[in-house]
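Open the model in your viewer and keep the selection tool ready. Each stop below says what to select and then what is there.

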Amino acid sequence: MTKCERWLAAIPVYNEVDTVNDILNQVTQYAEEVLVVDDGSSDGTSDLLRARDDVHVIHHRSNQGYGAALCSAFEFVIDEGYDGVVTLDCDGQHQPKRIPRFIEAAAVADIVSGSRYLKKYAGDSEPPAERMFINRRITGELNQRLGLNLTDAFCGFKAYRASAIREMRITDTGYAMPLQLWVEAVAANLRIIEIPVPLIYLDLSRSFGGSLDESETRLRYYNQVLDDAIRVATEQGATFDRLPSRPSHSTG
C-alpha cells in the first residue's frame, strides 16, 4: 500500500445491539474510516448507530441479507473513491487489531481472505461439527471446480482492492454470496491470497434463516448457488478449465 491510499473498514450488522458499540470502539482504533451497513435492524442497533458521529452508516429499511449488506459497502467504496475495503463481522469472531495486516497483504493481492484453518492459535474455539463439515465440502468443491487452493471458503474477514470490486458482478444477497464472489474473482483472474486468523466462535446458536438452519438443506443451497454462479459466468464468457492453482498462502 502506498501512503496516499484510502482504505475503509466495513461491517454489516443486523440486530447486534449487544456488541455493536464495543466492536466499533475497537475497529475505530485500527481503521481511519469505518462504514456500518445496518441491514434493517429492529433491536435498537439503529438507535445506537445514529448516536455515533465517528462512523459512516448506511441504513437498509428492511433486512436484505448478508450479501446485500456487503454489496452496499462495495458501492460505497466505489462511489466515495476508496482504494480498498476490509470487511469484518460484528459478532466478535474477527479481531479488529488485524485490519492493518489485511491492508498490508493487499499490496500483493486483489483479495485477501482470512482463514481460520491455516494456523492454530492459542485459545482457538472448537468449530461446530456440521459447520466445519459444510465448510470443508464447499471449500473442496471450489478448489476442484475453480482451480483454487483455499482452506476456508466462508471467512468474512477479507480485504478487497476497489479495482477488484469493479471487476466482479455480485448479485447474491444471502449467506451464499461468498461462493458467487469466488467464481467472479476467478473469472476476472484476480490475485487471491489467504492469511491466517484465529478460530473464534462466540454464538453457536446463530441462525442462517428458516430452512437453512438445517445442514443438509444449507449444503444443497450452497451447491445450487455455486452451480448457478459458474453457469452465469460461463455464459458471459468465463472459462474454468485448465486454471492455474491459486491462491498462495501467507503465514504472516
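Helices (H or I, at least four residues) and strands (E, at least two) are DSSP runs, numbered from the N terminus. The model is predicted, so local features need pLDDT of at least 70 and side-chain atom pairs count only at pLDDT 80 or more, while totals for chains, interfaces and linings use all residues. Residues are numbered from 1 along each chain as its sequence is written, and side-chain values use heavy atoms, with hydrogens and water left out.

**Stop 1: a loop residue**

Select Gln 93, in the loop between strand 4 (84–87) and helix 4 (99–105). Is Gln 93 buried or exposed? Buried means under 20% relative accessible area, exposed over 50%, and partly exposed in between (1.4 Å probe, protein chains only). Gln 93 has a relative accessible area of 9%, so it counts as buried.

**Stop 2: helix 7**

Select residues 177–187, which make up helix 7. Of its 11 residues, 10 are buried, among them Met 177, Trp 182 and Val 186. Step past the end of the helix to Asn 189, which has a positive phi, near 60 degrees.

**Stop 3: the nonpolar cores**

A nonpolar core is a set of buried Ala, Val, Leu, Ile, Met, Phe, Trp, Tyr and Cys residues joined through side-chain atoms within 4.5 Å. Select Ile 111, Leu 142, Leu 146 and Trp 182, the residues with the most contacts inside the largest core, which has 48 residues. Elements that give two or more residues to this core include strand 1 (7–13), strand 2 (33–39), helix 5 (129–146) and helix 7. Which element gives the most? Helix 3 does, with eight residues.

Centre the view on Leu 142. Leaving out residues up to four places away in sequence, Leu 142 touches Gly 147, Leu 148, Leu 150, Ala 153, Leu 179, Trp 182 and Leu 226; contact here means heavy atoms within 4.5 Å. A second, separate core has 29 residues, including Leu 24, Ala 106, Ala 109 and Ile 195.

**Stop 4: salt bridges**

Side chains of opposite charge can pair when their charged atoms come close. A salt bridge is a side-chain nitrogen of Lys or Arg within 4 Å of a carboxyl oxygen of Asp or Glu. How many does a search of the whole structure find? It finds 13 salt bridges.

Select Arg 161 and Glu 5, whose closest N and O atoms are 2.4 Å apart. Arg 161 is in strand 6 (residues 158–161) and Glu 5 in the segment before strand 1, 156 residues apart. Both Arg 161 and Glu 5 are buried.

Next, select Arg 145 and Glu 141, which form a salt bridge of 3.5 Å, N to O. Both lie in helix 5, four residues apart, about one turn of the helix. An α-helix has 3.6 residues a turn, so residues three or four places apart point the same way. Arg 145 is partly exposed at 29% relative accessible area, and Glu 141 is partly exposed at 25%.

Salt bridges that share partners join Glu 141, Arg 145 and Asp 227 into one network.

**Stop 5: aromatic rings**

Rings of Phe, Tyr and Trp (its six-membered ring) pair if their centres lie within 6.5 Å; planes under 30 degrees apart count as stacked, over 60 as edge-to-face and the rest as tilted. The whole structure has six aromatic pairs. Select Phe 74 and Tyr 160: their ring centres are 4.9 Å apart and their planes are at 70 degrees, so the pair is edge-to-face. Phe 74 is in helix 3 and Tyr 160 in strand 6, 86 residues apart. Finish with Phe 154, Tyr 221 and Tyr 222, which form one aromatic cluster.
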